[in-house]
Amino acid sequence: MQITASTISLTVDDVAASQRFFTTHLGYVEQASAEGFASLARDDAAVDVVLLARGTEVLPAEQRDQHASGLILAFTSTDIENNEKRLRAEGVEITMPLREEPWGERLFQVTDPNGVIIQFVEWADPSGPESA
């Protein structure tokens, strides 16, 4: 099997609010949209994001009322300090301030209008786990 792209599909109450958040603050662009649906992407290695309105009939009945919860969408990035400052200046609430863990992970979190937690990670040692 060869995987050619990665996409996460999030079921949210307000697709437009999450879409604005991802496009305004996180550099995503709309690929396609319709009532209760938006497909977002970036030009870099970030995962594509599909937003689906909770209750939409395109989902199996047992999944329609589920909400994106218990999930952290994590992005490994560079220049994490300046990105936290930029997001704060744009009015994004930083829900977990920048910190460094003993194992060398630097991270902070924001939360989108639908409660989707987005975490940004940078490794203090560039040979962190992703290069192993």
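Thr76 stands opposite Val121 in strand β8; strands, like helices, are DSSP runs numbered from the N terminus (strands E, at least two residues; helices H or I, at least four residues). This is a predicted model, in which local features need pLDDT of at least 70 and side-chain atom pairs count only at pLDDT 80 or more, while totals for chains, interfaces and linings use all residues. Residues are numbered from 1 along each chain as its sequence is written, and side-chain values use heavy atoms, with hydrogens and water left out.

**Sheet architecture**

- Four strands form an open sheet in the order β5-β8-β7-β6, and their pairing is mixed; two strands pair if DSSP finds at least two bridges between them.
- At the edges lie β5 (72–76) and β6 (94–100), each of which pairs on one side only.
- From one strand to the next, the twist averages 15°.
- Strands of a sheet pair through backbone hydrogen bonds, in either a parallel or an antiparallel manner.

**Strand pairs and hairpins**

- Strands β5 and β8 run parallel and are joined by five bridges.
- Strand β7 (residues 105–111) is joined to strand β8 (residues 117–123) by seven bridges, and the two run antiparallel.
- Within this pair, Arg106 stands opposite Glu122, and the bridge partner of Glu105 is Trp123.
- The hairpin of β7 and β8 has five residues between the strands, and Gly115 takes a positive phi near 90° there.
- Strands β6 and β7 also run antiparallel, with four bridges between them.
- In the hairpin of β6 and β7, four residues lie between the strands, and Gly104 has a positive phi near 100°.

- Strand β8 is largely enclosed by the rest of the structure, because six of its seven residues are buried.
- Gln109 belongs to strand β7 and is buried, with a relative accessible area of 12%.
- Gln109 has Gln119 as its bridge partner in β8, and Met96 stands opposite Gln109.
- Neighbours within four places in sequence aside, Gln109 is in contact (heavy atoms within 4.5 Å) with residues including Ile72, Glu93, Ile94, Ile117 and Ile118.

**Helix α2**

- Helix α2 (residues 80–89) packs on the sheet and touches β6, β7 and β8; its direction makes about 15° with that of β7.
- For such angles, axes are lines fitted to C-alpha atoms, for helices over the stretch in contact, and angles run from 0 to 180 degrees between N-to-C directions.
- Ile80, Glu84 and Leu87 are buried in α2.
- These residues lie on the same side of α2 because they cover an arc of only 70° around the axis, the arc being that of the directions from the helix axis to the C-beta atoms.
- An α-helix has 3.6 residues a turn, so residues three or four places apart point the same way.
- Lys85 and Ala89 are exposed on the other side of α2.
- The cover over the buried residues of α2 includes α1 (15–25), β6, β7 and β8.
- After α2 comes Gly91, which has a positive phi, near 90°.

Technical notes
Buried < 20%, exposed > 50% of the residue type's maximum accessible area, 1.4 Å probe, protein only.
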